[in-house]
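Please look through the structure below with care, keeping the sequence at hand, so that each residue can be found as the explanation reaches it.

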Amino acid sequence: MSLSTSFYKKLALGSYFSLILWLVVWHFLLTIDRNTSVLFNVIMWIVPILLPLKGLVQGKPYTYAWTNFIVMFYLLHGLTSIYAVEGERWYAFIEILLCCGLFTGCSFYARQRGRELGMGIRKLKEELAEEKEAFEAKLK
C-alpha cells in the first residue's frame, strides 16, 4: 500500500470513528430537541453509520466507495441543521467537517487501493475493442 493510500485510509477511519463519537455526543447529550426516544435516535443516527464498519476496518475498497452514500445522509443532515436549527449550528458544522473528511478519505482510498489491486473501472474504448474482437472471432 502506497504512502498516499495509507494517508487516505487513516483520514477515512479517523473521520469515521470521530463522526460516530460526535453523533453520540450530539444526539444523546447536547441536542436541544429532547422529543425523540433513545431507540429512535439509535436507529436514526447510529445504525446507518455502523453498517460499513467491518469492511472499512478490513480495508475493502468497495466498502469505502459505497460508504459515501451513507455519508451523504449525514452531510445533508448537517447542512439542513446549519440552516434550520439556530441553537445547533456549531454542532452541525462539526458534523459537516467530519463528513467531508470521511468522504474525501473514502473516495481517494477506494480509487487508489482499487487501482493497486487491479480493480479499476475499465475504459469504454478498451471494453468496446474486446467486444469487437470477440464478435469478429465468432464470425470466422
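In this predicted model, Y8 has a relative accessibility of 18%, and because buried means under 20% relative accessible area, Y8 counts as buried. A pair of aromatic rings is described by the distance of the centres and the angle of the planes. For F7 and Y8, which form such a pair, the distance is 5.2 Å centre to centre and the angle between the planes is 65°. Planes over 60 degrees apart count as edge-to-face, so the pair of F7 and Y8 belongs to that class. Ring pairs also bring in F108, so that F7, Y8 and F108 are linked into a cluster.

How many aromatic pairs does the count come to? The count comes to 11 aromatic pairs, and one of them is formed by W45 and Y74, whose ring centres are 6.4 Å apart and whose planes make an angle of 50°. This pair is tilted, and it links distant parts of the chain, for W45 lies in helix α2 (residues 38-50) while Y74 lies in helix α4 (residues 61-84), 29 residues apart. Are these two residues buried or exposed? W45 has a relative accessible area of 9% and is therefore buried, and Y74, with a relative accessible area of 0%, is buried as well.

Helix α4, which holds Y74, also packs with helix α1, at an angle of about 40° and with the two axes 13 Å apart. Which residues meet here? From α1 come K9, A12, L13, L23, W26 and H27, and from α4 come Y64, Y74, H77 and S81. Sorted by class, the residues of this contact are 6 nonpolar, 3 polar and 1 charged.

One of the residues on the α4 side is H77, which is found in that helix and has a relative accessibility of 16%, so H77 counts as buried. When residues up to four places away in sequence are not counted, H77 touches W26, H27, W45 and E95. Of these neighbours, W26 and H27 are among the α1 residues that meet α4, whereas W45 is the residue of helix α2 that forms the aromatic pair with Y74.

Helix α1 (residues 3-30) has a further packing partner in helix α5 (residues 89-116), with an angle of about 150° between them and their axes 7 Å apart. Angles over 145 degrees count as roughly antiparallel, which means that α1 is roughly antiparallel to α5. As α1 passes α5, the crossing is left-handed, and the residues of this contact divide into 18 nonpolar, 8 polar and 4 charged.

A last stop in helix α1 is S18, whose relative accessibility of 33% means that S18 counts as partly exposed. Along the chain S18 and F103 are 85 residues apart, and in the model their C-alpha atoms are separated by 13 Å.

Notes: Residues are numbered from 1 along each chain as its sequence is written. This is a predicted model: local features need pLDDT of at least 70, side-chain atom pairs count only at pLDDT 80 or more; totals for chains, interfaces and linings use all residues. Side-chain values use heavy atoms; hydrogens and water are left out. Axes are lines fitted to C-alpha atoms, for helices over the stretch in contact, and angles run from 0 to 180 degrees between N-to-C directions. Helices (H or I, at least four residues) and strands (E, at least two) are DSSP runs, numbered from the N terminus. Angles under 35 degrees count as roughly parallel, over 145 as roughly antiparallel, 65 to 115 as roughly perpendicular and the rest as oblique. A crossing is left-handed if the near helix is turned anticlockwise from the far one by less than a right angle, and right-handed if clockwise. Ala, Val, Leu, Ile, Met, Phe, Trp, Tyr, Cys and Pro count as nonpolar, Asp, Glu, Lys and Arg as charged, and the others, Gly among them, as polar. Rings of Phe, Tyr and Trp (its six-membered ring) pair if their centres lie within 6.5 Å; planes under 30 degrees apart count as stacked, over 60 as edge-to-face and the rest as tilted. Buried means under 20% relative accessible area, exposed over 50%, partly exposed in between (1.4 Å probe, protein chains only). Contact means heavy atoms within 4.5 Å.
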